[in-house]
Amino acid sequence: MRRHIKGNVSWVGYIDWELESFHGDDYSIYNGSSQNAYLIEEGKTVLVDTVWTPHRFEFVENLRKEIDLSRIDYVIANHGECDHSGSLTSLMAELKPGTPIYCTANAVKSIEGQYGKQGWNFQVVKTGDELDIGNGKKLIFVEMRMLHWPDSMATFMTGDNILFSNDAFGQHFAVEELFNDRADQCLLWKEAMKYFANILNPFAALCAKKIDEIKALNLPIEMIAPSHGAIWRDNPMQIVEKYAEWSKAYQENQITIAYDTMWEGTAKIAHRIAEEIAAQSPDTVVKVFNIAKSDKNEVMTEVFKSKAIAVGSPTIVNSILAGVAGWLEFAKQLKFKGKRAAAFGCYGWSGESVKVLKEKLADAGFAVVEENVRCMWTPEEADFADVPAMVEKLL
Ligand code: FEO
């Protein structure tokens, strides 16, 4: 069902309350999500993006109830990923033959790469290109390369001054109320940060440059309509300012401790480190996670907020637990900047885990402090002697 958002623009997307994960199972979802598509009815009728492949038939049928599909003049594909392009295969056959799809050159490749050469009428656009949609209004395209795919772009609609930003500024968050001022504020910002930390942070430097570029265009943005989650109608630039902050090696006064343990020895060290941080710096927020029992996307959001982390693993077969190794690989992919890190762990005989952790943390881009905590067998009070010096270097 269409939902009016501004002027002659309606939301025609899909609110996905049941979605539990995204990118396969790589991104956890606890508060639902949405795939936002938009219908513009000016002199020309324009569809901005579609919804994910499993919902494509429902999407087309819902759209048909709202509008004679043959009236759609243009389709805008801001991004080729299947959560936004996945309905094209069902939709395009219903539209007038040759209905143009406006997208970047890279989106032609990603769309054809997924759905094959369908003979669709792609119209390639680049930053600054304009499309007249009648009634004195036009669409202006802005390439958003690597935010987060090579094909990504945003579309600005003049007159109503809406930026259809696609993934940028979105959240995996089901908001039946549709708008940022109606959404649960705590969840809205939590989910916006989780999205940035887990999806956009690897491209943070590009994001910072792009925000400067968008600001330099002096577009009078009155609304930001992303492709997931709430539409920013109340002070839309607040999320742009937040992205500017997040994209510059963001950190708060927080330290996150992440570990795995076999017989609780490494867990005991983790807890002692947490107590020591609280003792040395009561203002510092401390979070402790068992990597094997915690959602990696939630933990990485806490890492994103942290100025430092401490990572622990016992030694197993001259190395570290596989779950910690996988977690560190994910941390490396996210390309965190400007964060310190320390290593700790128990061992029974050979004791290589701390050395391996330090190597992997350095490889993941963390500034690794020399101080560490290693403990043979079950930690006793004397084994915690190195904790204060290590904590001092992380604060
Ligand atoms: Fe929401 Fe990159 O797709």
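**View 1. Burial of Lys305 and Glu302 in the predicted model.** Lys305 and Glu302 are both buried, where buried means under 20% relative accessible area, exposed over 50% and partly exposed in between (1.4 Å probe, protein chains only). The two side chains form a salt bridge with the closest N and O atoms 3.5 Å apart; a salt bridge is a side-chain nitrogen of Lys or Arg within 4 Å of a carboxyl oxygen of Asp or Glu. Lys305 and Glu302 are separated by about one helical turn because they are three residues apart in helix α9 (residues 296-305). Helices (H or I, at least four residues) and strands (E, at least two) are DSSP runs, numbered from the N terminus. Residues are numbered from 1 along each chain as its sequence is written, and side-chain values use heavy atoms, with hydrogens and water left out.

**View 2. The salt bridge between Asp73 and Lys96.** The closest N and O atoms of this pair are 3.0 Å apart. Asp73 lies in the loop between α1 (56-66) and β9 (74-76) and Lys96 in the loop between α3 (88-91) and β10 (100-103), so the pair ties together parts that are 23 residues apart in sequence. Asp73 is buried at 17% relative accessible area, whereas Lys96 is partly exposed at 34%.

**View 3. The salt bridge between Lys117 and Glu112.** The N to O distance is 2.9 Å. Lys117 is exposed, its relative accessible area being 73%. In the whole structure, a search finds 27 salt bridges.

**View 4. A nonpolar surface patch of Met262, Trp263, Ile316 and Val317.** Together these four residues have about 500 Å² of accessible area, computed by the Shrake-Rupley method with a 1.4 Å probe; for residues, only the protein chains shown count as cover. Patches are made of residues with over 30% relative accessible area and no salt bridge, like charges being joined within 9 Å and nonpolar side chains (Val, Leu, Ile, Met, Phe, Trp, Tyr) within 5 Å. Val317 is found in the loop between β19 (308-312) and α10 (322-333). With a relative accessibility of 73%, Val317 counts as exposed.

Technical notes:
This is a predicted model: local features need pLDDT of at least 70, side-chain atom pairs count only at pLDDT 80 or more; totals for chains, interfaces and linings use all residues.
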